[in-house]
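Biologist: I have not seen this structure before. Please show it, and then I will ask about its side-chain contacts.

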Amino acid sequence: MTRRNEDHPAMRLVRPDPDTEHDFVLEQLPWYLAQALDAQSMRRVGEHLQHCESCRQAHAREAVLVTSMRESPAVDLAPQAGLSAVLQRIERRERRVAGWSRLLAPWTALRNTRTLAFATAVQAAAIVGLVIVLGVMMKRETTGQDYRTLSNAVPAHAPDTPQLRLVFDDRLTSIEIRQLLDRVGGQIVDGPGPRGIFTVSLPHAAGADGEEAQAAVQWLRARPGVRLAEIVGH
Amino acid sequence: MVATVKQETRTPEPTPPRPAEREERLLLERIAAKDVAAFRALYLVYHKRMSRFLLRFVRHHELAEEVINDTMYVVWCKAQEFRGESQVSTWVLGIAYRKALKLVRKGARSPLVYTAVDPDSAALQDDAGAGQRELRESIDRALGALPPLQRIVIELAYFMGHSCEEIAVITDSPVNTVKTRMFHARERLRGLLEDARP
């Protein structure tokens, strides 16, 4: 029995309830028209349309839409320019990929041959060696042997050891500072403070009459990375 | 009395593969093996298909071209990852959809430049042709007035013939979301087309 037109799902503004045959058909109509339903649903919709006038009207209305959309002339985007652009992009990519492959080729070849076992053994030996070296280094560190920092404390500070007050240019690296201090035989005993002042002792000049300290100051002042060099207490 | 039929829950029979599907899969296999000739062939097939789909979506020629080229570049790079779980067209259009959606969300909008009708076409010179042209123009305007996500569901189903499940894969949405979008799109189209009637 056919429902009155205003009661028909096609006239409602809420999404159909697919539990009823009308609603099922109405929901499936776009895909029925596109022939994109499975065979069973195609049959079910087709049979319903044969005896339901309201659904037939909905079908006819949408068929006009589908036909009109499908008969629209083709859009005139020309493919050739786009194709050339993509092919160039692909060529660049493949060149990059080939470059990486060449770089990784020795490793890849190694992986694919019997030398893999040998390579693994070499790797293992290297790792063991590294572990031993690290172990030795750590042991030496804990005993404090031969490990120096820029600010190593002077072990036994003789009272007559001259000390220098130094300020380095901010651009100087720690390596450059160490090289400068090595040249004058200096050891940092304090600093850098908030103003960047280092206190450096000159153990080798202990007991001297100050000439060596003066010479060190003169030499340091002549270095471009040294902003201040003076003898403490002078 | 209203006949109520419970919707069957068993798995529907699969949609038969489109005739071109097998050929497209072969092309994709060759592309995975870095065959440039196969890529050219697939590009030309999909350029035509995607042009219209993307123009409907991004509504600008240059943007549509950009998305086509980006999509096909991804096809070249990822061809080996295609597992054949969906149709080739579903896979390719899914890539295009995601790229176009990014542009749409970025707000890359401009007036609709899509023109489906050539006014000089001989077929449209008589009265029937003129009527047809008016209808197409009304439909174009109505489609242009739809939100992009609804418009694209209409385009994928009505014009490209994709099933609801395929559209769900392409748009990375649940099947029910596709049905809801389709329902609202149809309602709005009907209203817009009725309003456009003289």
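Biologist: How many disulfides does a search of the whole structure find over all chains?

Modeller: This is a predicted model, in which local features need pLDDT of at least 70, side-chain atom pairs count only at pLDDT 80 or more, and totals for chains, interfaces and linings use all residues. Residues are numbered from 1 along each chain as its sequence is written, chains are lettered from A and ligands numbered from 1 in the order in which they are written, and side-chain values use heavy atoms, with hydrogens and water left out. A disulfide here is a pair of cysteine sulfur atoms within 2.5 Å. Over all chains, the number of disulfides found is zero.

Biologist: Which cysteine sulfur is nearest to that of A:C55?

Modeller: A:C55 is in no disulfide. Its relative accessibility is 1%, so A:C55 counts as buried (under 20% relative accessible area; exposed is over 50% and partly exposed in between, with a 1.4 Å probe and protein chains only). The nearest cysteine sulfur lies 3.5 Å away and belongs to A:C52.

Biologist: How many salt bridges are there over all chains?

Modeller: A salt bridge is a side-chain nitrogen of Lys or Arg within 4 Å of a carboxyl oxygen of Asp or Glu. Side chains of opposite charge can pair when their charged atoms come close. By this rule the count over all chains is 17.

Biologist: How many residues apart in sequence are the parts that A:E230 and A:R165 tie together?

Modeller: The side chains of A:E230 and A:R165 form a salt bridge, 2.5 Å from N to O. A:E230 lies in strand β4 (residues 226-231) of chain A and A:R165 in strand β1 (residues 163-168) of chain A, so the separation of the two parts in sequence is 65 residues. Strands are DSSP runs (E, at least two residues), as are helices (H or I, at least four), numbered from the N terminus.

Biologist: Which residues do salt bridges with shared partners join into one network in chain B?

Modeller: B:R30 and B:D35 form a salt bridge at 2.9 Å, N to O. Salt bridges that share partners also make one network, and its members are B:R52, B:R56, B:D140 and B:E155.

Biologist: Why does the pair of B:F57 and B:Y97 count as stacked?

Modeller: Rings of Phe, Tyr and Trp (its six-membered ring) pair if their centres lie within 6.5 Å; planes under 30 degrees apart count as stacked, over 60 as edge-to-face and the rest as tilted. There are six aromatic pairs over all chains. In the pair of B:F57 and B:Y97, the centres are 5.4 Å apart, and the pair is stacked because the planes are at 25 degrees.

Biologist: What is the angle between the planes of B:F82 and B:W91?

Modeller: Both B:F82 and B:W91 are buried. Their ring centres are 5.3 Å apart, and the pair is tilted, with an angle between the planes of 55 degrees.

Biologist: Over which ring does the charged end of B:R52 sit?

Modeller: A charge sits over a ring if NZ of Lys or CZ of Arg is within 6 Å of the ring centre and within 35 degrees of the ring normal. The charged end of B:R52 is 3.5 Å from the centre of its ring, which belongs to B:F159.
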